[in-house]
Every structure is written in C-alpha cells, then in structure tokens.
Amino acid sequence: MGETTAEASSAELMVDLIISLDGYASAEGWPGWWGLEGPEYLAWLEQEGEKDYTFLLGAKTYRLMSGMSEEAAAGDSGFSENEGASLTGLAAVPKIVFSSTLQAPLTWPNSELVTGDAVEAVAEMKRSGTRPLSTLGSLSLCRSLLTAGLVDRFRVVVFPVITGRTGRERIYDGYPDVSLEMVDSRTFDGRLQLLEYAPTVLSGPPGTGPM
C-alpha cells in the first residue's frame, strides 16, 4: 500500500517549506515572509540556523538566493534588517547545488556543485553522512526526493494568507499521494503555524493497494 519514505540512516533529510494557506511558496508584490514574521518566528529561525544543516538546492534557487545574499551583504538593498541577516548568513553554511547547467566553481561561498542525478547523490549522502540535510526552496527537488522515498521529515510553516490571485509557485502540484504522521507542531507569534510530519508515500488511496 505504501512505504515509509526513508529508512533509518545517519543523515536525516528534511523538506522544509514556508507556504500560504492555499499552498503557494510566494506571491507577486508581497514582501518576504508575506510581511508576517514576528519575534518568536525569527528567534526560532536563528535557533534552526545553529543545527549544522547542509542545505540542498537546485539551480533556480541557487541563482535567486545567491544573488539576494550578495545584494543584502552590499547594504542599502531594500531588505528588512531580519531579511538581510537571514540572507547574508546563508553564505556561511554548507550548500549542495544540483544542476546540469551551472559550472564550477560556484561563486556563493560554501557551495558545492553536483551535476549528476540528485536522487542518487542524496541517497548516498544519507547512507554515508552524519550531518543533517535540509532543502532550501527548490520545489521540484523537494518533490523528487519525496517521491523517491528519501525524506524523513516534511515540515511546513503556514502563513495565514490566501494569495489566490497573486500566488506563485504552487507547492503540491505533481506530488504523489502521501500520508503524514504529525511529530511536532507549534504556533509562532499567535499567527504562524509550524507543522512537522513523518511522510509515507502511498501507491494509491487507502484500501486500494495489496494487503
């Protein structure tokens, strides 16, 4: 019927996303974090940044985030103080970039390019590594890793907005059916909802697969 999406391994993989209530990753014309970040959420982000994750991302996210990080480091960028600190801090953390179009060496500090199959590469990282892995944006990469059964934790922070007219990047299009066992939840600043699950990819709706 279904299979837990990750076997026990030394290096756990988490898909980590922020979403609007209607499942978009961003919205045209809205500020970062939809303008709803608060002190509790920002403090939690800082704590998460101390957990020694290696971040996994694709070429599109690399180009976007590296450019924004460089812009924030230059000052007078228009980013808020919190956005700027978050973006510049990403330069110091290890990042694995999956792309067949980018060329090494990558200019964003602490970024390693992998040109081969992302699913195979991440599977090997999980088998041989000890450092926790987390995605950074990269919706198609997240979808591929989840479908391949490599994801140990699926975490979203839901922002209380509906961006049906301005929303961009629908997160769940193309996903397999997945059952989710909740392992953690909390509320930040009285409005943002963190939901963390252990995912299991399903071969079909409950009750339709082999016994």
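**Close-up views**

**View 1. Serine 66 touches Thr61 and Trp108, leaving aside residues up to four places away in sequence.** The model shown here is predicted. Serine 66 belongs to helix α2. Its relative accessibility is 12%, so serine 66 counts as buried. The side chain of serine 66 also meets the backbone. A polar atom of that side chain lies 2.6 Å from the backbone oxygen of tyrosine 62. The serine 66 side chain also reaches the backbone oxygen of arginine 63, at 3.4 Å.

**View 2. Helix α5, residues 139-147, has five named buried positions: Leu139, Leu141, Cys142, Leu145 and Leu146.** Where do the buried residues fall when α5 is seen down its axis? They fall within an arc of 160°, so they line one face of the helix. Follow the chain just past α5 to find glycine 149. This glycine takes a positive phi of about 80°.

**View 3. Glutamate 28 and arginine 168 form a salt bridge.** Their closest N and O atoms are 2.4 Å apart. Glutamate 28 sits in the loop between β3 (24-27) and α1 (39-48), while arginine 168 sits in strand β9 (residues 167-170), so the pair ties together parts that are 140 residues apart in sequence. Are the two partners buried or exposed? Glutamate 28 is exposed, at 52% relative accessible area. Arginine 168 is partly exposed, at 36%. Side chains of opposite charge can pair when their charged atoms come close. The model holds nine salt bridges in total.

**View 4. Lysine 60 and glutamate 169 meet through their side chains in a salt bridge.** The N to O distance is 3.9 Å. Which elements does this pair tie together? Lysine 60 lies in helix α2 (residues 59-74) and glutamate 169 in strand β9, so the bridge links parts that are 109 residues apart in sequence. Lysine 60 is exposed, with 62% relative accessible area. Glutamate 169 is partly exposed, at 38%.

**View 5. Glutamate 196 and arginine 153 form a salt bridge between strands.** The closest N and O atoms of this pair are 3.7 Å apart. Glutamate 196 lies in strand β11 (residues 192-202) and arginine 153 in strand β8 (residues 153-159), so the bridge ties together parts that are 43 residues apart in sequence. Glutamate 196 is buried, with a relative accessible area of 14%. Arginine 153 is partly exposed, at 26%.

**View 6. Asp16, Glu48, Lys51 and Arg155 belong to one salt-bridge network.** What joins these four residues? Salt bridges that share partners connect them.

**View 7. Strands β10 and β11 form a hairpin.** Strand β10 covers residues 178-188. The two strands pair in the antiparallel sense, over ten bridges. Within the pairing, serine 179 stands opposite threonine 200 of β11. How many residues lie between β10 and β11? There are three.

Methods:
Residues are numbered from 1 along each chain as its sequence is written. This is a predicted model: local features need pLDDT of at least 70, side-chain atom pairs count only at pLDDT 80 or more; totals for chains, interfaces and linings use all residues. Side-chain values use heavy atoms; hydrogens and water are left out. Buried means under 20% relative accessible area, exposed over 50%, partly exposed in between (1.4 Å probe, protein chains only). Helices (H or I, at least four residues) and strands (E, at least two) are DSSP runs, numbered from the N terminus. The arc is that of the directions from the helix axis to the C-beta atoms. Two strands pair if DSSP finds at least two bridges between them. A polar contact is a pair of N or O atoms within 3.5 Å; within protein, one must be able to donate a hydrogen and the other to accept it, and residues adjacent in sequence count only if both atoms are side-chain atoms. Contact means heavy atoms within 4.5 Å.
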